[in-house]
Amino acid sequence: MIFVGVSFQTDSYTGGDLSAVSMSKLRNFLWSEGLVEGQSGYYSQERWDSETTVHRHSRTTRLRATARLLNWVEEAGIELAALPKSPNYGVRRERTADLIVMRDDGLDPGPEPEGVKASRSIIAEANRLIAAAAIGVPDSVWEVRAKDADPSDGEELARVLGGDLSSISLYRKFVGSWSSGGRLYGGYWQNLKKRYRRLLTIDGVPTVELDYGRLHPTLLYAQAGLSLDFDPYLPKGFDPDLRDLGKTTFGRLLNSKTAVNAATMSRPAAAPEGLTLADFRRFAQALMDMHEPIRSAFGTSASVGLQYLDSEILLKVLDHMNGLGAVALPVHDSLIVTRPWAEHLRQAMKTAYRDVTGYEDILINHT
């Protein structure tokens, strides 16, 4: 049920019993015979730019056995058993026996706050409901994803690890302090692209996903005592096709740890082909000018604090759905439920946002 990362780089097999060429031939045979499925790896594909660095992303090939191979193994009388300990190779999803995880940055975050302790029972109840349900996704999804490895499609490559159908236990992850991060992780559905999540079923019933639209800019304006009543990702006078660029640029402004100057920003690799560096910098400056009321948040790594706020909101929603006995699958700023629960979820999302921020106005998208 789990995809395993397998390297096919030549230096991975230096001095070993099998060469990289032999491994490649074996992989190709298994693939052609329908005995394995997965995604091909890639190396050093350009992902995004920052002020000083061009970041690149690479990924090992991910494979798992198909039903055909498992049937062959069973027919041969071979019994598959779990390894006595985790192997020191392959790609393994982070596992934890605890519901709360603090990513160590060398600093002591102090004792766990009461609010964080209280979230344990919410997560535990959600995990109980999820474990008792049948979360389904068509086999065709994995077949499509095996061919859908183009890293230039503009979607988050950090979420490509998917298909581990045994990953259904949620946990809450903080980053260095109890006010940074706090989002829920652990569900395999979180690593599916949105167009594949639409195919999920819960106990055989089709699902819907509702998300908080433009949540982080809305939260920043709420902190400034203002309501966000315009599109935060598209400055006036610019082509609507640049909205996605505006969204990623806004994220860069929030994620930067140092002061940001539009005049020195690098052009992102995902920018439209016809957009020159000068054009992009004008666009970035217009975006910054448009957000003068919250400009002080840019260049401060504000996103981790905002993730804490959105996690608090989502946990309130999850607690409400738990009380109704409804399975809800969180995806950071959205939740997936079966269609009959959609309106209950929408109302719970509105209420949770109001309770945390004190504001009523929030955009909720049906995706």
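Tutor: Contact is taken here to mean heavy atoms within 4.5 Å. The model is a predicted one. In it, three strands make up an open sheet with mixed pairing, in the order 6-8-9. Strand 6 (100-103) and strand 9 (181-185) are the edge strands; each has a single partner strand, so one side of each lacks a neighbour in the sheet. On average, neighbouring strands are turned by 25° against each other, direction ignored. Between strand 6 and strand 8 (residues 171-175) the pairing is parallel and comprises four bridges; Ile100 lies opposite Arg172 of strand 8.

Two helices are to be considered with the sheet. Helix 3 (residues 114-132) packs on it and touches strand 6, strand 8 and strand 9, its direction making about 150° with that of strand 8. Helix 9 (residues 302-323) lies across strand 8 and strand 9 and runs at about 50° to strand 9.

Helix 9 is the greatest contributor, with nine residues. This core has 74 residues, of which Ile135, Trp189, Tyr212 and Val317 touch the most other members. Beyond its neighbours within four places in sequence, Tyr212 is in contact with, among others, Ile313, Leu314, Val317, Met349 and Tyr353. A second, separate core has seven residues, including Phe8, Tyr13, Val36 and Leu63.

Technical notes
Residues numbered from 1 in each chain as written. Predicted model: local features only at pLDDT ≥ 70, side-chain atom pairs only at ≥ 80, totals over all residues. Heavy atoms only, no water. Pairing = 2+ DSSP bridges. Axes fitted to C-alpha atoms, helices over the stretch in contact; angles between N-to-C directions. Core = buried A, V, L, I, M, F, W, Y, C linked by side-chain atoms within 4.5 Å. Buried < 20%, exposed > 50% of the residue type's maximum accessible area, 1.4 Å probe, protein only.
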